[in-house]
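My entries follow in the order of looking.

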Amino acid sequence: MATLVLILILFFPVGALAAPVIDHSVVQAQSVRTEPLTIGEVLARIELTHPLLRATGVERIQARAKILKALGAWEPKFHNITDVDRYQNWNFLSVTHEHTAGFNDSKLEVGHPWGFSVHGGIRQGFGDRLWHSMAGVIPDANLFYEQQQMIFGGSFKLLRGFMINDEYAEYQKAELAGPMAEITVAQKRQDLYLAGAVQYWDWQVAVKQAEIVQRALAVAEDRLVQVEGLAKGGKVAPLDVVEVNQEVQNRREAAIAAQRKVEYEQYNLSLFLWEHGEPVMPRPEWAPEFQGETPLPTKEEIAAYKVEAKEDRPEVRNYYIEAKMNNIDLKLAKNYLLPKLNFAGGRMDTPGDWGVGVGYHFGAQFAMPLFQREGRGKVLYAEAEQQQLVMSQLYAEQQVSVDVDNWLSAQVRARDRVKAATEALRLAKTLEEGERKRYNLGASTVLFVNLRERNVVESAYQLYRAQADYAVARGGMLWARGVLSKPWPTESLAKYGDPKTAAGLSGQPVAGRD
């Protein structure tokens with residue numbers, strides 16, 4: 001009997017009930033795969049092809065767009081202006097002279113983030129006014145002939161708006177959009193890595209538990225055939241056949257539930273495995289065995305992990321960028337406390353003034369609010385936000401330290417559970433084997449054999465769950481340290497695709513004028 005049971009266990013198609021209902025074309029292409037699916041491959045495929053990580057990577061392009069938009073405030077501008085005036089001169093004898101004066105300006109205007117702009121170009125004059133009255137000729141800045149002259153001018157902010165202004169503050173914030181996009185990508189990466197890893201281990205547990213249920217079902221079916229034969233010979237009571245048949249049906253129901261559990265975990269895990277734009281359905285035969293125990297980190301390593309977490313975790317790094325943005329707002333707010341003192345000057349832009357010889361204009365503007373309510377309000381708001389960021393950053397730094405301790409505790413407890421569950425499974429198997437021998441000798445009943453076998457299945461369940469929790473705890477420690485926020489190693493990515501086209505690198509700026 002034992003030999004028959006061993007043969008059934010070895011040759012029974014364990015993964016048959018756990019096969020997916022729908023087989024995608026991508027899965028068909030991988031139907032000949034024999035190597036197990038590792039956690040490294042799962043994370044590598046997330047980095048290479050996951051749509052959500054690719055969508056987040058596009059924020060790098062948006063960051064570049066913000067910089068270009070901010071630079072538009074000082075975009076060099078080419079102006080071409082044509083202006084003509086028609087006017088009359090008269091005296092008391094009503095002698096009237098009609099004249100025409102005009103010009104065409106071609107000039108280039110350039111601004112600077114510090115709050116000043118300059119322009120320069122060429123003015124082409126035309127009309128009869130300059131030929132009738134020499135008073136209309138501006139003698140300086142002439143070029144090749146009398147009615148062709150250089151034009152130039154500019155405007156300057158000397159107090160409010162000097163070196164810091166709304167446009168320059170917007171540009172400085174746009175420069176921080178790049179680092180902010182990197183933090184957003186790192187945040188999405190670590191979330192997907194952790195979620196994919198947990199889903200991978202849940203799938204692994206479901207497959208292993210389904211195998212245990214299938215083996216128990218095979219044993220029960222074999223016993224049913226044996227007991228039915230004994231009942232026909234009158235060696236056992238017919239009630240024993242009913243007892244064994246009921247156990248077969250119970251285990252068959254458990255096998256169907258285990259099949260559904262595997263399919264559920266398969267579909268969830270497929271959303272982390274993409275190939276050619278489609279999720280790849282993992283097969284039960286790809287599930288590897290759980291890894292063994294690894295050494296626990298020392299106190300020195302835990303202290304180093306906490307320092308590492310405060311530097312690498314995106315949640316903390318995000319506050320550093322927000323603090324820089326707040327400093328920009330604070331500088332801008334303090335600049336609003338200064339009065340306005342603007343200066344502008346240059347060649348005249350109206351043909352009437354230019355035609356009669358008025359060549360330059362200069363002006364200064366001074367303005368100061370009496371109570372400075374706007375400026376004081378901006379400063380107060382920026383300082384309050386700065387205090388809020390300090391408290392939030394302090395909380396985030398302490399939170400990541402607690403995360404390291406929390407996942408260390410989870411790893412220690414899961415390791416202890418694995419040891420206890422392993423010993424419990426060993427004892428359950430010993431009892432099962434002893435009870436089966438007693439049954440073969442006629443000293444026990446089918447009920448007690450079934451109870452022992454159920455105990456083995458339940459102990460195996462607990463062991464697999466503890467092993468999965470131990471793997472989750474190890475992954476959680478990597479998450480707490482901020483390791484999962486970094487791209488997966490290039491040498492691992494190269495096994496499954498091109499690292500240069502990884503989803504986490506989408507939107508990477510390329511060489512060019514921008």
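Entry 1. I looked up the contacts of Arg415 (contact: heavy atoms within 4.5 Å). Leaving aside neighbours within four places in sequence, I found Arg415 in contact with Glu293, Leu296 and Tyr470. Arg415 sits in helix α12, residues 373–440 (helices are DSSP runs of H or I, at least four residues, and strands are runs of E, at least two, numbered from the N terminus). Its relative accessible area is 18%, so Arg415 is buried (buried is under 20%, exposed over 50%, partly exposed in between, with a 1.4 Å probe and protein chains only).

The model is predicted: local features need pLDDT of at least 70, side-chain atom pairs count only at pLDDT 80 or more, and totals for chains, interfaces and linings use all residues. Residues are numbered from 1 along each chain as its sequence is written, and side-chain values use heavy atoms, with hydrogens and water left out.

Entry 2. I then took α12 with helix α13 (residues 446–481): the two pack at an angle of about 160°, with axes 7 Å apart. Axes are lines fitted to C-alpha atoms, for helices over the stretch in contact, and angles run from 0 to 180 degrees between N-to-C directions. I therefore noted α12 and α13 as roughly antiparallel (under 35 degrees is roughly parallel, over 145 roughly antiparallel, 65 to 115 roughly perpendicular, the rest oblique).

Entry 3. Met163 has phi near 70° and is found in the loop between β4 (148–157) and α7 (166–232). Gln372 has phi of about 55° and lies in the loop between β8 (360–367) and α12. Which of the classes, buried or partly exposed, applies to Met163? Met163 is partly exposed, at 40% relative accessible area, while Gln372 counts as buried at 13%.

Entry 4. I listed the nonpolar cores (sets of buried Ala, Val, Leu, Ile, Met, Phe, Trp, Tyr and Cys residues joined through side-chain atoms within 4.5 Å). The largest has 72 residues, and Leu37, Trp201 and Trp203 have the most contacts inside it. Helices supplying at least two residues each to this core include α3 (39–49), α8 (238–270) and α9 (299–312). The most comes from α7, with 19 residues. Beyond its neighbours within four places in sequence, Trp203 has contacts including Leu37, Val262, Pro282 and Trp286. I also noted a second, separate core of 9 residues, among them Ala169, Leu176, Ile328 and Leu332.
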